[in-house]
Amino acid sequence: VMRTAALGRAASAEMLTQNVAGQFDFLANTPAMEAVRAHYGFGASAAELTRPSARGALAVKAITSGFARVVSVMITGSLDSHTGGNTGQGWNGTQGPNQQLGWNAIARMMDDLRATPIGDGSGDSYWDRTTIVAYSDFGRTPWINASGGRDHWLTSAYFLAGADIRGGQVMGASRDVGYMPAYTDLRTGALDAAGEIIRPAHIWQTLFYAAGFDMATDPADMRVPPLLPVLRDG
């Protein structure tokens with residue numbers, strides 16, 4: 001216990017000497033922070049720090065500064081569109097613009113990672129070693145409800161990009177009848193009635209596989225195989 005405490009104290013002291021906190025001061029009047037605000041598209045006020053673009057900047061800065069190797073961030077919100085209309089959380093009003101804010105923030109994150117070298121002499125950028133996983137906790141119904149909006153729906157989707165991800169692919173689908181998830185051949189990514197329904201466990205197992213975990217011992221205990229066609233070397 002004492003050894004762990006001593007190591008933690010040493011790590012904290014090192015972080016203080018490196019002024020890690022200063023790398024997250026997005027309101028600072030410095031050329032570096034002005035460049036961050038310009039790239040992500042948010043202003044120099046406290047209210048602006050709640051925008052999806054500022055959240056994206058925070059996530060990337062945590063990775064590229066060495067502060068963290070894994071970051072989770074709610075990139076956008078106000079998507080609970082149970083009603084129609086053009087105000088509040090109406091499906092016809094805020095759903096599209098709020099989604100676009102999130103997707104734009106992710107695009108700027110990707111550009112930032114591409115433009116930031118790892119600095120270990122390999123020539124790699126952070127994009128070459130970072131995987132972005134975007135998802136929602138549930139989707140929206142494929143039909144309009146009586147209020148002109150869309151309700152909760154268990155059929156949803158993941159978006160993967162970056163290191164190890166082949167890209168430019170769509171795997172899985174919803175069935176024409178009932179709009180439930182269709183069965184997919186995990187070996188090819190093609191729709192196949194004899195295949196399986198892709199679940200979150202398949203996605204995370206795929207990422208563990210790409211990171212080098214031994215599938216024979218299955219340390220993540222996902223109890224499903226990886227979806228290899230997602231990967232460049234799958």
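Me: Does Tyr179 count as buried, partly exposed or exposed, and what is its relative accessibility?

Reply: The general idea is a pair of cut-offs: under 20% relative accessible area is buried, over 50% is exposed, and partly exposed lies in between. In this predicted model, Tyr179 counts as partly exposed because its relative accessibility is 36%. Tyr179 is found in the loop between β4 and α5.

Me: What is the phi of Tyr179?

Reply: Most residues other than glycine have a negative phi. Tyr179 has a positive one, near 60 degrees, and is not a glycine.

Me: What is the phi of Asp164, and where is Asp164 found?

Reply: Asp164 has a positive phi of about 75 degrees, although it is not a glycine. Asp164 is found in the loop between β4 (158-162) and α5 (200-210). With a relative accessibility of 36%, Asp164 counts as partly exposed.

Me: Now salt bridges. How many does the structure hold?

Reply: Side chains of opposite charge can pair when their charged atoms come close. This structure holds seven salt bridges. One of them joins the side chains of Arg51 and Glu48, at 3.7 Å from N to O. Arg51 is partly exposed at 32% relative accessible area, and Glu48 counts as partly exposed at 22%.

Me: Which residue forms a salt bridge with Asp80, and why does the pair tie together parts apart in sequence?

Reply: The partner is Arg140, and the closest N and O atoms are 3.1 Å apart. Arg140 lies in strand β2 (residues 139-140), while Asp80 lies in the loop between α3 and α4, so the pair ties together parts that are 60 residues apart in sequence. Arg140 is buried, with a relative accessible area of 17%, whereas Asp80 counts as partly exposed at 35%.

Me: Does Thr76 count as buried or exposed, and which residues does Thr76 touch?

Reply: The cut-off for buried is under 20%. Thr76 counts as buried because its relative accessibility is 15%. Thr76 lies in the loop between α3 (52-64) and α4 (95-115). Not counting residues up to four places away in sequence, Thr76 touches Pro52, Arg55, Asn98 and Gly102. Its side chain reaches the backbone oxygen of Asn98 at 3.0 Å.

Me: How many residues has the largest nonpolar core, and which have the most contacts inside it?

Reply: A nonpolar core is read as a set of buried residues, such as Val, Leu and Phe, joined through side-chain atoms within 4.5 Å. The largest one here has 22 residues, and Val36, Tyr40 and Phe42 have the most contacts inside it. At least two residues of this core come from each of α2 (31-40), α3, α4 and β1 (131-135). A second, separate core has eight residues, including Leu160, Leu186, Leu207 and Leu227.

Me: Which residues is Tyr40 in contact with?

Reply: Neighbours within four places in sequence are left aside. Tyr40 is then in contact with Ser53, Gly56, Ala57, Val60, Ala105, Arg108, Met109 and Asp112.

Conventions:
Residues are numbered from 1 along each chain as its sequence is written. This is a predicted model: local features need pLDDT of at least 70, side-chain atom pairs count only at pLDDT 80 or more; totals for chains, interfaces and linings use all residues. Side-chain values use heavy atoms; hydrogens and water are left out. Helices (H or I, at least four residues) and strands (E, at least two) are DSSP runs, numbered from the N terminus. Buried means under 20% relative accessible area, exposed over 50%, partly exposed in between (1.4 Å probe, protein chains only). A polar contact is a pair of N or O atoms within 3.5 Å; within protein, one must be able to donate a hydrogen and the other to accept it, and residues adjacent in sequence count only if both atoms are side-chain atoms. Contact means heavy atoms within 4.5 Å. A salt bridge is a side-chain nitrogen of Lys or Arg within 4 Å of a carboxyl oxygen of Asp or Glu.
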